[in-house]
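Please read the points below with the model open beside them.

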Amino acid sequence: MFKRISLAGVLALGTAICAFAEEPRHGGTLNFTAPYGSNFATLDIHSSPSIQEMFISQAIHRTLYSWDATANEPVLELATSVDVSDDGLVYTYHLLPDAVFHNGDPLTADDVIFSYKRIADPANAFPGARRISTIKGGAEFIAGETDEIEGLKKIDDKTLEITFTTPANPGFALMENNMAIYPSNVDVATQATEPVGLGPFVFKQHVPGSQVVVEKFEDYYEDDKPYLDRVNIILMAEGSARDVAFRNQEVDVSILGSTQYQSYQEDPALQEHLLEVAEVFTRNIGFSPEFEPFQDKRVRQAINHAINSPLIIERLLKDKAYPAVGWLPMSLSAFDKERKPYEYDPEKAKALLAEAGYEDGFEFEVTATPDESWGVPIVEAILPMLNEVGITVRPKPIESAALGETVSSGDFQAFIWSNQTGPDPLSVLRCFYSKTAQSSCNYTAFSNPEFDALFEEAEAELDPEKQTDLLRQANNLLQDEAPVWFFNYNKAVMAYQPWVHGLVPNANELALQPYELIWLDESAPESRQ
Amino acid sequence: MLQFTIRRILQVIPTILVVALLIFVIFSVVPGSFAASLFSDGRTTANPEMIAQLNRELGLDLPLPQRFLNYVMDLAHLDLGTSFRTRQPVLQLINDRMWASLQLAVAAMIFAVVIGVPLGFTAAMRPGSILDSVTMIGAVSGLSMPQFWLGLLLMYLFALQLGWLPSFGYGDGSLRNLILPAITLGVTPLALLARTTRAGVLDVMNADFIRTAHAKGMSESKVVRWHVARNALVLVVTTVGLQFGSMIGQAVVIEKLFAWPGIGSLLVDSVAIRDIPVVQGTILVIVLWFLLINTAVDLIYAAIDPRIKQR
């Protein structure tokens, strides 16, 4: 498995490197697809919790930090440098001197403060508000107790001081697309229809239900970028239709499902242009602590041993996933490369069940959506495997929209889900901290003093390497405790046309690409030149 | 005729009210809320404070009867509410998409009528002929073929193999983009129209008054034009009305497949995230469309056959 992972990584990196090795070419139109729905709900990214609108904000807006997909870490985006206090709480940002908004106004500290206050405004109930709570006074502002966020301080137009409540890396929270910086002197109401940002492309047109068109911003702050003149961000939710459009060269990139992945791999003309990455999503079956058999660790471990995950991945998911080792995915620094996944061993599973007093097995139901990669079909696939060790499983179908509510209210014996498990290992593992409520994200109501101690120590640690080591230990402990069945990490696959260059293996979400790095070579069809 | 028209239009109002009540009740009892659906994709973690705040802001913390009363009051003022997700008026969202839906429905219906009716008529005039057999086999195939599959087939043939038409999208609203989705949507009504037209014409052809017309020495073309066509028209108009009325609802799958920006795809997305005002508004518009078309059909009946308005 690790060979395969390394190969995929090398291929992905190779694609990126090859693209940069050639001289980028200016001009052209990119037909990019937004595959997660038939609609852009809003152009005001502050109000959006969903990935779909990020396809637009990625072109139009910029955030204080951004994600470096090659280095796998957040990096400064709108500041040339930052000074950090010894206690790791006070950050002084020196904002980019030449960054200007699409309306010509320069970026100032006021714009950052204005944007963060708007995101945290309790009257708005925006999804990014919780990220502001890491700033001193943010929680009080969100609760409506104060009119200002104490930790936000303008030093001068180009210098901003932010005081945080913990020494954790603020880049993870402030790089999210819905933390975009808006100009303070533009009516925010217009951001929902004609967004104005700092990004490499200017908003041109929105055809509801069809596409958003953006055009090159000539005053973008990065030299020589963007390369493209125009990007059409096209709504294409239906995978089979996207497949035809891609093969017909009407679109330049396409996110593939498992069936398409198999057929593209078998097609010599298409297999050369696949970008693969292990995304930060862990598919799992969470066990309820209220359900008596799951209170015993040996039962949870037995289930992990009883299921042949690689077989399901091969047969059902057509190898479009990597078997999960533990909770944190492979691209995170806190992932332990020495660790192996639970071995498929029905005899060991039976022995563990017998030790726990369940030699005659038991019966439980799994709440599952219809999703083909982490829903009812997977529960049906594990059914005979668990039956072999005496456990009877029944799928309990539920509509996708109701899954979150059902799980966070604890109304389940087990559930199957795909959870984002990156890029920040600290915030991901916080979901297993005993003080995190089940209604928040501790869905299996996990409580383990040893884990808590490791997590608290990691949270207070200023040295990044030591912090990573503590988080690695916590993640390994989680694997041993098995509050879930660790199924797989999603393998995201993007097919791209041979004339497209500059795509990056973004482990956070492969479909989100930095448009400013993308360029088209001479072989692009006339319609894209 | 005026009295008949007023009576038919007034019947629409209670139907709309019952539908509104049904939609409201169904979406109030099904599990899942808008706020909770925001983290159902597993990308973001649940945030109980945000959920509570959103529920308060959207009025979802009010008792059910109060919410229904507010809904009906807004409806009486022709206000379909504000989308939870986009925070824009539902009417505006529907307005943005309605034109594309109408374009698709009208084009599909024209395709179905222009081909289906003459085909059914010609088949009926020569029962048992090769043309009749081919038409009926085609009609049965058209009726039984899943639209989704047919759409993919057409995409493959006309876009991928022949390169004549774009495989998806609205483009600049040109005819080229409309052809494939309209044909896909129009095949089922075409098949149905061909069958019903054939059946209707055959039925009339066997009637006594046709025999009488022939006995009087009237020419075949006059019999067909004056007697057969007019009498068979009632069944054809009924089928056209029913199909045209339900076409916007049927277009949901086609819109999704061809990335066509109609209200069908808006409805699907809104159901998935429990954007109730948009769901309610969209379904109401689809129902209203159906009722209006049917009322129009009733009025056309009355014009074609004076016996109907006397009932």
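**Notes on the model**

1. A:Phe203 stands opposite A:Val214, a residue of strand 9 of chain A. Strands and helices here are DSSP runs (E for strands, at least two residues; H or I for helices, at least four), numbered from the N terminus. Two strands count as paired if DSSP finds at least two bridges between them.

2. This is a predicted model, in which local features need pLDDT of at least 70 and side-chain atom pairs count only at pLDDT 80 or more, while totals for chains, interfaces and linings use all residues. Residues are numbered from 1 along each chain as its sequence is written, chains are lettered from A and ligands numbered from 1 in the order in which they are written, and side-chain values use heavy atoms, with hydrogens and water left out.

3. Strand 8 (residues 201-207) and strand 9 of chain A run antiparallel and share six bridges. One bridge partner in strand 9 of chain A is A:Gln211, which faces A:Val207. The two strands form a hairpin with three residues between them, and A:Gly209 in the turn has a positive phi of about 80°.

4. Strand 9 of chain A also pairs with strand 10 of chain A, again in the antiparallel sense, over five bridges. Here A:Val213 has A:Asn232 of strand 10 of chain A as its bridge partner.

5. Which strands make up the open sheet with mixed pairing in chain A? It has four strands, in the order 1-10-9-8.

6. Another cis peptide bond joins A:Gly422 to A:Pro423, with omega about 5°. A:Pro423 is in the loop between strand 16 (414-420) and helix 15 (425-429) of chain A.

7. Chain A has another open sheet, of four strands in the order 4-5-7-6, with antiparallel pairing. Its edge strands are strand 4 (79-84) and strand 6 (152-156) of chain A, each pairing on one side only. Neighbouring strands of this sheet are turned by 20° against each other on average, direction ignored. Strand 6 of chain A pairs with strand 7 (residues 159-163) of chain A over four bridges in the antiparallel sense, and A:Leu160 in strand 7 is the bridge partner of A:Lys154.

8. Helix 3 (residues 109-120) of chain A lies across strand 5 (90-95), strand 6 and strand 7 of chain A, at about 170° to strand 6.

9. Chain B has 13 helices and zero strands. The C-alpha trace of chain B spans about 85 × 55 × 30 Å along its principal axes.

10. How many residues of chain B are in contact with chain A? The count is 47, against 55 residues of chain A, where contact means heavy atoms within 4.5 Å. The two chains bury about 4,000 Å² between them, 53% of it on carbon and sulfur atoms; buried area is the accessible area (1.4 Å probe) lost by two parts on being put together, summed over both. In chain B, the residues that lose the most area to chain A are B:Arg43, B:Arg85 and B:Phe168, together 18% of what that side buries.

11. Between chain B and chain A the rule finds two salt bridges, each a side-chain nitrogen of Lys or Arg within 4 Å of a carboxyl oxygen of Asp or Glu. B:Arg85 forms a salt bridge with A:Glu53, with 2.6 Å between the closest N and O atoms. Over all chains the count is 33 salt bridges. B:Arg85 sits in the loop between helix 4 (64-76) and helix 5 of chain B and A:Glu53 in helix 2 (residues 51-60) of chain A, so the pair joins two chains.

Terms used. Axes are lines fitted to C-alpha atoms, for helices over the stretch in contact, and angles run from 0 to 180 degrees between N-to-C directions.
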